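Here is a short briefing on one protein model with its ligand. Please view the structure first, then read the notes by topic.

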Amino acid sequence: MISPLHVKICGLSTSESLEWALSAGADLVGFVHFPKSPRHISAEVAATLARQVGNRAKTVVLTVDADDDLLDHLVATIAPDAIQLHGRESPERVADVRRRLGRSVIKALGIGSAEDAAGARAYTSVADLLLYDAKPPKDASRPGGLGVTFDWSLLAGAPTPFLLSGGLDPTNVEDAVRQVRPYGVDVSSGVESAPGRKDEARIRAFVAAARAANEEGQR
Ligand SMILES: O=C(O)c1ccccc1NCC(=O)[C@H](O)[C@H](O)COP(=O)(O)O
């Protein structure tokens, strides 16, 4: 029996691109609510997209250091399956958000060193799932969706389960799955033709390559 690889396509902002991701077989679809992102969408647009998903995939709303009022608004409007916390949220804050909202929480962590990977341990009991992304440069305008990879060997011994993210694309996701053996993979820039503009062929190629590497690794 082949264990499934969970594929998340993040930063979907239109009905058309959402349909591409769903028909390609994405397990999770992500909506970014962060005004500085080229993928930002309002709560109302995200709610319309979430209704379009129905039960075909899990919906994830991504926020960065959001306060309680904003999180309450997003959950009430969109009713997502999960919230992705992509800022500097402490383990205590993650626990609080999960308790208050009663939703699954994905905690994203930037990995640039062995210390960063070890620091993930503090989140294992408070988040439902971890997401390892490249650590953003200090002057970055946003903490994710930058299309930058990191040294995957830093994840040896990092807590599981996790989604691997950061600079993945149709050409490197097979290597990533073979080397890291993650619970799942997450992509945004690597399936775009320009920032914020998803590309159907790249989405299909990404999902197919990720699944092929997963199945090959279990034969
Ligand atoms: O996508 C964004 O613009 C974004 C903005 C602020 C915080 C996080 C953001 N994206 C997070 C994601 O889940 C991305 O999929 C992840 O960082 C990987 O991005 P990429 O390297 O572009 O595939």
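By class, how many nonpolar, polar and charged residues does the shell around the ligand have? It has 10 nonpolar, 13 polar and four charged residues. Here Ala, Val, Leu, Ile, Met, Phe, Trp, Tyr, Cys and Pro count as nonpolar, Asp, Glu, Lys and Arg as charged, and the others, Gly among them, as polar.

This is a predicted model: local features need pLDDT of at least 70, side-chain atom pairs count only at pLDDT 80 or more, and totals for chains, interfaces and linings use all residues. Residues are numbered from 1 along each chain as its sequence is written.

**Ligand shell**
- The ligand is surrounded by 27 residues, each with its C-beta atom, placed from the backbone, within 6 Å of it.
- The closest are C10, S37, G144, G145 and S189.
- Strands β2 (28–32) and β8 (184–187) each supply at least two shell residues.

**Overall fold**
- The protein has seven helices and 10 strands, taken as DSSP runs (helices H or I, at least four residues; strands E, at least two) and numbered from the N terminus.
- The radius of gyration is 16 Å, close to the 17 Å that the globule rule gives for 219 residues, so the protein is as compact as a globular protein of that length. The radius is taken over C-alpha atoms, and the rule is 2.2 Å times the number of residues to the power 0.38.
- The C-alpha trace spans about 45 × 40 × 40 Å along its principal axes.
- Of contacts between residues at least 6 apart in sequence, 55% join residues at least 24 apart. A contact puts two C-beta atoms, placed from the backbone, within 7 Å.

**Core**
- Buried residues make up 43% of the 219 residues; buried means 20 or more other C-beta atoms within 10 Å of the residue's own, all placed from the backbone.
- The largest nonpolar core holds 60 residues, a set of buried Ala, Val, Leu, Ile, Met, Phe, Trp, Tyr and Cys joined through C-beta atoms within 7 Å.
- I9, V29, Y132, V173, V185 and A210 touch the most other members.
- Helix α7 (residues 200–217) gives the most to this core, with six residues.
- A210 touches L5, V7, V173, V177 and V185, not counting residues up to four places away in sequence.

**W20**
- W20 lies in helix α1 (residues 15–24).
- W20 is buried, with 21 other C-beta atoms within 10 Å.
- Leaving aside neighbours within four places in sequence, W20 contacts K198, E200 and I203.
- W20 and E200 are 180 residues apart along the chain, yet their C-alpha atoms are separated by 5.8 Å.

Conventions:
Buried ≥ 20, exposed ≤ 12 C-beta atoms within 10 Å, placed from the backbone.
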